[in-house]
Amino acid sequence: MIKGTYIFYENGKEIGRHSNVITKFGKRFLTNFLAGNVSFNAKELALGIANGSDYAVSDSNSRLGFEFYRIPVEFGTTNIQSDGSGGFTYGVTYKATLPQTLVGKINEIGLYPGSRQSSVVYSDKFIS
């Protein structure tokens, strides 16, 4: 299982951090992207409120447990850091600005293509 971490910042200060997984769908999408079969210019962050008991974290998930907000990614950048002993960690940082009026406890987050390549919608429960 490939894992990651999402970190939320407000005015440059970290306000939240949680581990995350890259799902089977995500790995399949990234493989197709690397092969040049799909583009990934537009991206969206989906925010959800389901917790582990509502919707267990699994690499077979194809949607958030309960999505409540989606926002376009403003830009992305790579983040490569040396651990000082010859090893490296490789990361990607995406920036999106949440409106100040958004209220809720974010328990899950997903990165999705801004334009869908298929008719399958990977959101089930959605509130706006």
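## Salt bridges, core and surface patch

Me: Happy to start with a charged pair: which residue forms a salt bridge with Glu44, and how far apart are the closest N and O atoms?
Reply: A salt bridge here is a side-chain nitrogen of Lys or Arg within 4 Å of a carboxyl oxygen of Asp or Glu. Glu44 has such a partner in Arg70, with the closest N and O atoms 3.1 Å apart.

Me: Which strands hold Arg70 and Glu44, and how many residues apart in sequence are the parts they tie together?
Reply: Strands are DSSP runs of E, at least two residues long, numbered from the N terminus. Glu44 lies in strand 3 and Arg70 in strand 4, so the pair ties together parts that are 26 residues apart in sequence.

Me: Good to know! Are Arg70 and Glu44 buried or exposed?
Reply: Buried means under 20% relative accessible area, exposed over 50%, and partly exposed in between, with a 1.4 Å probe and protein chains only. By that scale, both Arg70 and Glu44 are buried.

Me: What should I keep in mind about the model itself?
Reply: This is a predicted model, where local features need pLDDT of at least 70 and side-chain atom pairs count only at pLDDT 80 or more, while totals for chains, interfaces and linings use all residues. Residues are numbered from 1 along each chain as its sequence is written, and side-chain values use heavy atoms, leaving out hydrogens and water.

Me: Where is Lys95, and where is the Glu74 it pairs with?
Reply: The side chains of Lys95 and Glu74 meet in a salt bridge of 2.8 Å, N to O. The pair links distant parts of the chain, 21 residues apart: Lys95 is in strand 6 (residues 88-95), and Glu74 is in the loop between strand 4 and strand 5.

Me: Which residues make up the largest nonpolar core?
Reply: A nonpolar core is a set of buried Ala, Val, Leu, Ile, Met, Phe, Trp, Tyr and Cys residues joined through side-chain atoms within 4.5 Å. Strand 3 (43-48) and strand 4 (67-72) are the elements that give two or more residues to this core. Its seven members are Tyr6, Leu45, Leu47, Phe68, Ile71, Val73 and Ile109.

Me: One more, please: how exposed is Ile80, by relative accessible area?
Reply: Ile80 sits in strand 5 (residues 75-82). Together with Phe88 and Tyr90, Ile80 makes a nonpolar surface patch of about 390 Å². Patch members have over 30% relative accessible area and no salt bridge, with nonpolar side chains (Val, Leu, Ile, Met, Phe, Trp, Tyr) joined within 5 Å. Ile80 is exposed, at a relative accessible area of 52%.

Technical notes: Helices (H or I, at least four residues) and strands (E, at least two) are DSSP runs, numbered from the N terminus. Patches are made of residues with over 30% relative accessible area and no salt bridge: like charges are joined within 9 Å, nonpolar side chains (Val, Leu, Ile, Met, Phe, Trp, Tyr) within 5 Å. Accessible areas come from the Shrake-Rupley method with a 1.4 Å probe; for residues, only the protein chains shown count as cover.
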